[in-house]
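Me: Got a structure to go through with you. Mind if we take it piece by piece?
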Amino acid sequence: YFNLSTVNYLLIMALRLFTDKAMHIAAKYYQKAVAMELSKTGLRYEDLLNENEHDVKEALSLASPELITARVRRSTRAIDLNLKQKNFNDYVSPDVDQETFKSELYDELVQIRMRDQEYALLNFHKKS
């Protein structure tokens, strides 16, 4: 037979398994909805990052000029299509992969955030 702590542990694990599965399903639907909206304008998910945040600004400063140029062109095109009330999918063939979730900036962004966290932890004693 089981003691109370074992039963609690099993219930927590079952609840966690259920919530993880539910979140995974919800995330798939959310990602599909976001991809559909981004494909209407030709933007990528990384184009939605706020350029005024410190870590994003630093990652963009370290990015290649081609990446910056492509980002600016996609944003300009999206603004133009929005003003004209047009859809990007009307101008491209349906079988073209727009690479909506292509990650070109995210790895650099993660490294910058990890570095900043490490720096904050190393200097935590100075704040106390």
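**Asp 55 and the chain around it**

Reply: Let's start with one residue. Asp 55 sits in helix H2, which covers residues 54-62. Keep in mind that this is a predicted model.

Me: Is Asp 55 buried or exposed?
Reply: Asp 55 is buried. Its relative accessible area is 11%, and buried means under 20%.

Me: Which residues is Asp 55 in contact with, leaving aside neighbours within four places in sequence?
Reply: Leu 109, Ile 112 and Arg 113.

Me: Zooming out. How many helices and strands in the protein chain?
Reply: The count is 5 helices and 0 strands. Along the sequence that reads α-α-α-α-α.

Me: What does the C-alpha trace span along its principal axes?
Reply: About 70 × 45 × 20 Å.

Me: And what share of the residues is buried?
Reply: Buried residues make up 21% of the 128. Asp 55 is one of the buried residues.

Me: Contacts next. For separations of 6 or more, what share comes from residues 24 or more positions apart?
Reply: That share is 77% in the protein chain.

Me: Surface. What is the accessible area, and how much belongs to carbon and sulfur?
Reply: The accessible surface comes to about 10,500 Å². Carbon and sulfur atoms hold 60% of that.

Me: Last topic, charges. How many positive and negative?
Reply: There are 18 positive and 19 negative charges. Their mean positions are 3 Å apart.

Conventions:
Residues are numbered from 1 along each chain as its sequence is written. This is a predicted model: local features need pLDDT of at least 70, side-chain atom pairs count only at pLDDT 80 or more; totals for chains, interfaces and linings use all residues. Side-chain values use heavy atoms; hydrogens and water are left out. Helices (H or I, at least four residues) and strands (E, at least two) are DSSP runs, numbered from the N terminus. Buried means under 20% relative accessible area, exposed over 50%, partly exposed in between (1.4 Å probe, protein chains only). Contact means heavy atoms within 4.5 Å. Accessible areas come from the Shrake-Rupley method with a 1.4 Å probe; for residues, only the protein chains shown count as cover. Lys and Arg count as positive and Asp and Glu as negative; His and the chain ends are not counted. The place of a charge is taken as NZ of Lys, CZ of Arg, CG of Asp or CD of Glu.
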